[in-house]
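Subject: Structure for your review

Dear colleague,

Please find below the structure that I would like to hand over to you.

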Amino acid sequence: MITVNTRENPWREGLTVQALLDEMGFIFRHIIVRVNGEFVPEEAYAQRQIADGDDVQVMHLIAGG
Amino acid sequence: MGKILKQIKYTPAKIHRGYSNKSLYINVGDLRVEEKEVTEFMKEKFVGGKGFDLWYLWHAVTPETRWDSPENEIVMSVGPLGGITQYSGTGKTLVCAISPLTGIPIDSNTGGYFGPLLKFSGWDALELQGKAEKDLIIFIDGNEGLISIEEGEEYPEDSHLLAEELTAHFAGSEEDKVHVSVVSSGSAAKHILMGMLNFSFYDPRRKTVRFKQAARGGLGTIMRDKHIKALVVKYKGIKPNLNDPADLAAINRIGVKYHKEVHDLDEKQNTMRKIGTANTILVMNKYDLLPTRNFQTGGDPEAVKISPEVFINQYLTQGIHDGCWYGCTMSCAKAADHFKLLTGPYAGLCVTVDGPEYECAAGLGANLGIFDPQAILEQNFYCDTYGIDLISYATTVAFIMECYEREQIGPEHTGGLDLRFGNAQASLELMHQMSRGEGFGLLAGLGVRRLKSIFVERFGADPKLLEDIGMENKGLEYSEYLHKESLAQQGGFALTNKGPQHDEAWLIFMDMVNNQIPSFEDKAYALYYYPMFRTWFGLCGLCKLPWNDIVPADNYKTDTPAKVPEHVQNYVDIFNAVTGKHIDKDELIRQSERVYNFQRVFNIRMGSGLRQHDRPPYRSLGPATAEEYLSRQERYDKQLRELQGLDPSRMTLDEKLAATRAYREKQFELLTDAVYERRGWTKNGVPTPEHLKEIGMDLPMLLEVVEKHL
Ligand code: SF4
């Protein structure tokens, strides 16, 4: 199990940031990703592995209005 | 050209530190034209823009004033930063009046050149009062120092014709057309309550007049009721220092840095320069936020048919600077050129359509079940030229379509129009009826609140269902975001001054997706800070979009990325550089808080503005019908288990709906308590005298109103 934006989410072996974003349907381009508080640049989404128990934050910056 | 009824020469005031320090009053009933002083008190307490509008409006009306009373005023003002050309989004005009839809002050924010040109013509604000007997044109020439009131009967009504004709007439030459701006409405505005105002700017590359809208709340209806056909301003000589700023170099420096950001980052962030605000259609669809078929669900597989790519590749002209005021590099005012109309009085004509903005594609598209870009653009064009607020139109017609499909009304009531979701031709015909002032279009133009009563009282519809699914609050129709899963945004729509328009707060991502504001206190803070921060744009003459539709590359490193701290500092620095004052980011919020509370008390004075008026329709809070529940059953069942400890497998659908409703309504009441407390209001939503004193607004006129409700 991992947490994504403080909510519990299933984990699997080999889960990357990009795969998580795809699975969550997070297609908004204007986001900031942190894993255990550490910023992950967009270029690293496909490689950055997420470990069991990690705390992932995917902050969508406000748009709209 | 019409007969001149009155002409006055004046000496345009010199602008100093962002203010001309004069405002213009015109009474179209008796043709009085007066000059008023803008006082230090006004600047201190109200800053400008919407602040000045509300101040003048308060003194013009009484609690008995209705939207069509002669004393109701349309007031407009651009604010002290309005008209600077070095930063993006600095030409917004704020327009206020007592609204036909809500009976309380409406404020609407628009681009186009009118406000800045009005200020450079010597006027910080314009008040329009009285009622003429015949159509008038009011012309202000800021170079000549001339105000002229002329007969306007002979001009066409629809904006795309009227504004072209007036621009050509008052400019006198092609090169002078960019110095003219026209405010107009359209043929529908005199038949409906949701009439809007078009503010023009001339686009020299396309050689056509373009528009932005002061759309919400029926401002166009009031203008046509006053028999004002158009306002025209002409001012030649725009240059960077016209506001006589205290520190021009600072403004230049901040502007250069900002423009580089837009240039480097827009493509990676929101692509505002390519598509404008419609960039978010598919995002909203994916996150279950795109209002579909009267806000029943948050998206539809067919939404790909109205994706940004479809508009970019097939309709929108690319590579042209599309700013609605000089210097806006965000440049989001996109247009579809050579668009061939297929219906209505202009069928066969090729026109330029301003848009589609997000609200247009979401409202006239998904919310009506119309996933056809041609039909969306055609409705967009006709809303604009007829002077119809497309948000109120879309939300009203979505409501009508659902009533029709649920057999609450039928063809015998709609004059045979088959108003089912997805029927674009029926929607267009309804619009043309509004323009002609006939048929079911006349009823539809009254808006959701009045239609609810009419459908119940005259057509025998179910009052409870209609209360639940009619998406209005305070009489204003909701703007186009589904927000059932964001408690904060439920407040962001309903706990507002003018009604459910998202320009006070857009918290859906922060709340629903990021889970950044989980507690009531967190949400209450967000519903304090963001409405106050965003109110400030309306005091100063600014556009909200350049604040957070692009952010600095290192914004993620800040403690509060959602606030975009560097851009907040830009605004503080620009305000100080223009006015010579010394505010900081806290005083910026305080400036807004004064006007925000003033507007709340104004609502109370007009017989609204209390807790009961802030209650939303249930569909804003949760699934109002069995179909909605079943469409997201997994989500709602999970919530019953996790939030209420219930076992949905042992419950009937009716029981599940009832339990979900009771929980969500309670959550909204708790949110309301928390927000009122954070804003310094009583449990009934009344600003306390102590709070008014703390923010420097313990004015006797306000205390007298609130004391009756303590
Ligand atoms: S960002 Fe768009 S709406 Fe705002 S001022 Fe610029 S062009 Fe106009």
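Predicted model: local features only at pLDDT ≥ 70, side-chain atom pairs only at ≥ 80, totals over all residues.

Domains of chain B

Chain B is divided into three parts: domain 1 covers 4–234, domain 2 covers 266–477, and domain 3 is made up of 487–550 + 582–709. Between domain 2 of chain B and domain 3 of chain B, the contact involves 34 residues from domain 2 and 34 residues from domain 3. The centres of these two domains, taken over C-alpha atoms, are 26 Å apart. Together, domain 2 of chain B and domain 3 of chain B bury about 2500 Å², and carbon and sulfur atoms account for 59% of this area. On the side of domain 2, Asp468(B), Asn473(B) and Lys474(B) supply 24% of the area buried against domain 3, more than any other three residues.

The interface of these two domains holds six salt bridges and 15 residue pairs in polar contact, with both residues at pLDDT 80 or more. Among the elements that give two or more residues to the domain 2 side are helix H12 (390–405), helix H16 (463–469) and strand S16 (472–473) of chain B. H16(B) gives the most to that side, with five residues. The residues of the domain 2 side divide into 13 nonpolar, ten polar and eleven charged.

The ligand

Which residues surround the ligand? They are Gly89(B), Lys92(B), Lys212(B), Asp322(B), Gly323(B), Cys324(B), Cys328(B), Met330(B), Cys332(B), Ala333(B), Cys543(B) and Leu545(B). By type, this shell consists of seven nonpolar, two polar and three charged residues. Domain 1 (4–234) and domain 2 (266–477) of chain B each contribute at least three residues to the shell.

The interface of chain B and chain A

Here 32 residues of chain B are in contact with 20 residues of chain A. The area buried between the two chains is about 2400 Å², and 58% of it comes from carbon and sulfur atoms. In chain B, the residues that lose the most area to chain A are Tyr287(B), Asn514(B) and Tyr556(B), which together make up 24% of what that side buries.

How many salt bridges are counted between chain B and chain A? The count is zero, whereas eleven residue pairs are in polar contact, both residues being at pLDDT 80 or more. Four helices of chain B give two or more residues to the side that touches chain A: H8, H18 (508–513), H19 (520–540) and H20 (545–548). The largest share, five residues, comes from H18(B). The chain B side divides into 16 nonpolar, nine polar and seven charged residues.

Two details of the backbone

Most residues other than glycine have a negative phi, and most peptide bonds are trans. Against this background, the peptide bond from Gly355(B) to Pro356(B) is cis, with omega near 5°. Pro356(B) is found in the loop between strand S15 (350–354) and helix H10 (358–365) of chain B. His227(B) is not a glycine, yet has a positive phi of about 60°. This residue, His227(B), lies in the loop between helix H5 (219–225) and strand S13 (228–234) of chain B.

Yours sincerely

Methods. Residues numbered from 1 in each chain as written. Chains lettered and ligands numbered in written order. Heavy atoms only, no water. Domains from an automatic or database assignment. Contact = heavy atoms within 4.5 Å. Buried area = accessible area lost by both parts, 1.4 Å probe. Salt bridge = Lys/Arg side-chain N within 4 Å of Asp/Glu carboxyl O. Polar contact = N/O pair within 3.5 Å; in protein donor to acceptor, adjacent residues only side chain to side chain. Nonpolar A, V, L, I, M, F, W, Y, C, P; charged D, E, K, R; others polar. Near = heavy atom within 4 Å.
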